[in-house]
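Please open the structure in a viewer and keep the selection tool at hand.

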Amino acid sequence: MRLLLVGPPGAGKGTQAQFLAAHYSIPHISTGDIFRANLKAGTDLGNQAKAFMDRGELVPDSVTNEMIKDRLTHSDAASGFLLDGYPRNVVQAEVLRTFLAERDTPLHAALELLISPDEIIKRLSSRRTCRACGASAAADATGCTSCSESDLYQREDDKEEVIARRLEVYLEQTAPIIAFYRGEGLLITIPAVGSVAEITELAISALGRLS
Ligand code: AMP
């Protein structure tokens, strides 16, 4: 299964990606996670991305596209992958389409998680993130439910001022990829409301209807 998730920050892409990747036995490839890991490790890539991430802006396409192409050539992605946070604009979507077409491995679906703007702000401003594994947690959680670590923090870009900018960037630059994938006949939309398990079930049953 070659799949990507589309939806605004806070729609639950990262959480759903973990469950869907496990269900289909494919790697979960999150550009945000890769950038954060590079930041933490102090690599050139991390240093290049930092200023953009801190402002809630997109890291330049040249950097992001090369990073993802490199990741998609790792052997674990040979039998499929789940992209989370990529593409973030139509240029990236076109680069991905060309890259996959050249390898004769087109996408099977773009899964859109639909959520209202009010709900996004509520979720993001109360979200905490596990420093060890990157999983999301509630503001009042005392530990990570994915790996049991207790070091939870608020991402710099989950602070209120940056959230507003991330949403603007989403609407201006990322939302147009929904029409792009609709035009490609690849778009599947599900409401991202309800429990995590309910949304996963909805996603799996929608993906199961793919011919
Ligand atoms: P995320 O964890 O997906 O919310 O991503 C966190 C930040 O990483 C974003 O606000 C961007 O600064 C950067 N980023 C992640 N994915 C991309 C992408 N596909 N293109 C450009 N920047 C990205």
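Begin by selecting Ser25, which sits in the loop between H1 and strand E2 (28-30). The model is a predicted one. Although Ser25 is not a glycine, its phi is positive, at about 55°. Most residues other than glycine have a negative phi. Is Ser25 buried or exposed? Its relative accessibility is 61%, and because the cut-off for exposed is over 50%, Ser25 counts as exposed.

Next, select Ser148, in the loop between E6 and E7. Ser148 is not a glycine either, and its phi is positive, at about 70°. With a relative accessible area of 65%, Ser148 is exposed.

Remain in this region and display strands E5, E6 and E7. They form an open sheet of three strands in the order E6-E5-E7, and the pairing is antiparallel. The edges are strand E6 (136-137) and strand E7 (152-153), each of which pairs on one side only. Strand E5 (residues 128-130) is joined to E6 by two bridges, and these two strands run antiparallel. In general, the strands of a sheet pair through backbone hydrogen bonds.

Now move to the peptide bond from Tyr86 to Pro87. Which form does the peptide bond from Tyr86 to Pro87 take? It is cis, with omega near -5°. Most peptide bonds are trans. Pro87 belongs to the loop between strand E3 (81-84) and helix H5 (90-102).

The ligand is the next selection. Show the residues around it: there are 16, and the closest are Thr31, Arg36, Glu57, Gly85 and Gln92. By type, this shell comprises five nonpolar, five polar and six charged residues. Which helix gives the most to the shell around the ligand? Helix H2 (residues 31-41) does, with four residues.

- Gly85: here a backbone N or O atom is 2.9 Å from a nitrogen atom of the ligand.
- Arg155: an N or O atom of the side chain is 3.2 Å from an oxygen atom of the ligand.

Proceed to helix H4 (residues 61-72) and select Arg71 within it. At 17% relative accessibility, Arg71 counts as buried, because the cut-off is under 20%. What does the side chain of Arg71 contact? It makes a polar contact with the side chain of Asp76, at 2.7 Å.

Finally, select the largest nonpolar core, which has 23 residues. Among these residues, Leu82, Leu111 and Ile190 touch the most other members. Several elements each supply at least two residues of this core, among them strand E1 (2-6), helix H1 (13-24), strand E4 (109-114) and strand E8 (187-191). Helix H6 (117-125), helix H7 (160-174) and helix H9 (196-208) also each supply at least two. The largest share, four residues, comes from H9. In soluble globular proteins, nonpolar side chains tend to be buried together.

Key. Residues numbered from 1 in each chain as written. Predicted model: local features only at pLDDT ≥ 70, side-chain atom pairs only at ≥ 80, totals over all residues. Heavy atoms only, no water. Near = heavy atom within 4 Å. Polar contact = N/O pair within 3.5 Å; in protein donor to acceptor, adjacent residues only side chain to side chain. Nonpolar A, V, L, I, M, F, W, Y, C, P; charged D, E, K, R; others polar. Pairing = 2+ DSSP bridges. Core = buried A, V, L, I, M, F, W, Y, C linked by side-chain atoms within 4.5 Å. Buried < 20%, exposed > 50% of the residue type's maximum accessible area, 1.4 Å probe, protein only.
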